[in-house]
Amino acid sequence: MSSRRTGRSPGTPAGRRLLAGGAAAALVFGLGLAPGTAHAAESQLPTLVTTENIRSHMENLQTIADYNGGNRASATPGYDVAAKYVIDQLRRAGYKPVKHTFEYDSWAQNSPAVLAQTAPEEREFTVGEDFDAMSYSTGGDVTAPGVAVNADSAESGCSADDFAGFPEGAVAVVRRGTCPFSEKTQNAADAGAGAIVIFNNEAGPINGTVGTESAIPAVGATQEAGAELLAAGEALELRVAVDAQVTTRSSYNITADTKGGARDNVVVVGAHLDGVAEGPGINDNGSGTAAVLETAKQLAKLDTPNNKVRFAFWGTEEEGLIGSTEYVEGLSERDRSRIALYLNFDMIGSPNYARFVYDGRGELPGSQVPPSGSAAIQKTFEDYFDARGLVSEPTEFNGRSDYSAFIAAGIPAGGLFSGGDGIKTEEQVEYYGGTAGEQYDPYYHTADDTIEHINWDSVEELSDGIAFAVETFADSTLPVNGVLRTHQDQEFSPERLGDHWLR
Ligand SMILES: [Zn+2]
């Protein structure tokens, strides 16, 4: 999961799903499956995809990180060796994996950013606590008057009008909300600002991105820091310094298709293979990678699916969902229209986990609007957990993982998630155990995201859900996109007819 937000506020958690014990038990013997998915009622894949095998992939990814600088970040040896491992595993299962290479702008800081009030009083803010550089902020060191820009409004800095009469070279102080950070920053630059401070509209630090290199230095600050700057009034003077640059790098995704299955109705199942530079990334996202890889290996042992299944291991997710975005944007219109749906698995072994299902119905306030059919994917996962007597809850499509580009392209999307930097509630402890008031993954994006901190119950429950959904949609995507392909369709494929003619 990517840490960087683009500027819109996240939503609030909503309704859990919990069946009374009796109803749950009854459902085990009669999964309420949609017409056309009857085959999946006798699903085999959840039994074949074992936690033991997933665990061994995760241990191998840990070893690869340990011997290659401690991480598997994009454009590092750790990523390359992990990719070789995935490719080798796929080949041995009979797949022909393909590498898709792309170039991207990598942003790196040479020294920590500075935010300080230089007048009326001097005040230093602490980087990483009170503020942080926006990723893709351009470098620069500016000391100038600080000017609030419509800072009481949620739309602060979202229009050029907000900057009417803005003093040349001043530091714009704006509030988070409504439009992306990049838009506020560009408006400030257009108005002649020397730098911008965007303060949060809720508790916690801003961990934001301006997406592509900004014209002026940009930092995100806490709500409290913002309040202090506003309280200083007209005499406010600030220093904003960001020491960073953008360099062009290259990386790649890996995809592998099942041999059989309808080529015009493809089920894409993805996990990001890269991690952050801070650690080995075994939950984020060794867990999703391992589960998708093992699902691919086991699916290859079953009968030819009705629909083609494409397993995808995305590169450079952590630097802005780059691999998946490059992939979707690089598809021809025809190839894009052939994708029935996208399933995303990014973090399934969180230490303090929850069973989250992506919000395909678009019910949560922080969700991107999902394309039609996404609700059917959500229901597939929810019904699966219900049938096992397990609580699940919806989670926002908040734009922080690889489903984003698929949703933007109109492709129905869904998936599972065991939680990241959100905080577990008392109520959730009743459903999943764990500790209230702590992050779902206290080691998220740290050196301690290791094999020792994985919750294996989480891996087991969520990976079973993954296997179930992949087998279900490999069989039929009727409830998602109205397309019904049967094994008979394939008997009449040109290759088969060719065989007849030769005899
Ligand atoms: Zn992440």
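**Exercise 1. The chain as a whole**

What percentage of the 503 residues of the protein chain count as buried? Work that out, then sketch the overall make-up.

*Solution.* Before you start, note that this is a predicted model, where local features need pLDDT of at least 70, side-chain atom pairs count only at pLDDT 80 or more, and totals for chains, interfaces and linings use all residues. Residues are numbered from 1 along each chain as its sequence is written, and side-chain values use heavy atoms, with hydrogens and water left out.

Step 1: set the cut-offs. Buried means under 20% relative accessible area, exposed over 50%, and partly exposed in between (1.4 Å probe, protein chains only). On that scale, 54% of the 503 residues count as buried.

Step 2: look at the elements. The chain has 16 helices and 14 strands; these are DSSP runs, numbered from the N terminus (helices H or I, at least four residues; strands E, at least two).

Step 3: check the contacts (heavy atoms within 4.5 Å). Among contacts with a separation of 6 or more, 80% come from residues 24 or more positions apart.

**Exercise 2. The zinc site**

Find which residues hold the zinc ion, and decide what geometry the site has.

*Solution.* Step 1: list the donors, meaning N, O and S atoms within 2.8 Å of the metal (3.2 Å for Na, K and Ca); water is not among the atoms, so sites may look incomplete. The protein supplies Met1 (N), Met1 (O), Asp284 (OD), Glu318 (OE), Glu318 (OE) and His445 (NE2), at 1.7 to 2.7 Å.

Step 1: test the angles. Six donors count as octahedral if opposite donors are over 155 degrees apart and all others between 65 and 115; four count as square planar by those limits, or as tetrahedral if all angles lie between 85 and 135 degrees; anything else is irregular. Here the angles among the 6 donor atoms run from 53 to 156 degrees, and the site is irregular.

Step 2: Methionine 1 sits in the segment before helix H1 (21-28) and histidine 445 in the loop between helix H12 (426-432) and helix H13 (456-475), so the pair ties together parts 444 residues apart in sequence.

Step 3: check the burial. Methionine 1 is buried at 6% relative accessible area, and histidine 445 is buried too, at 15%.

**Exercise 3. Strand S7 and its neighbours**

Which strands pair with S7, and in which sense?

*Solution.* Step 1: two strands pair if DSSP finds at least two bridges between them. Strand S3 (residues 131-133) runs antiparallel to S7, with 3 bridges, while strand S6 (residues 195-199) is parallel to S7 over 4 bridges.

Step 1: look at the faces. In a regular strand the side chains alternate between the two faces of the sheet. In S7 (residues 218-221), Ala218 and Gly220 on one side and Val219 and Ala221 on the other are all buried.
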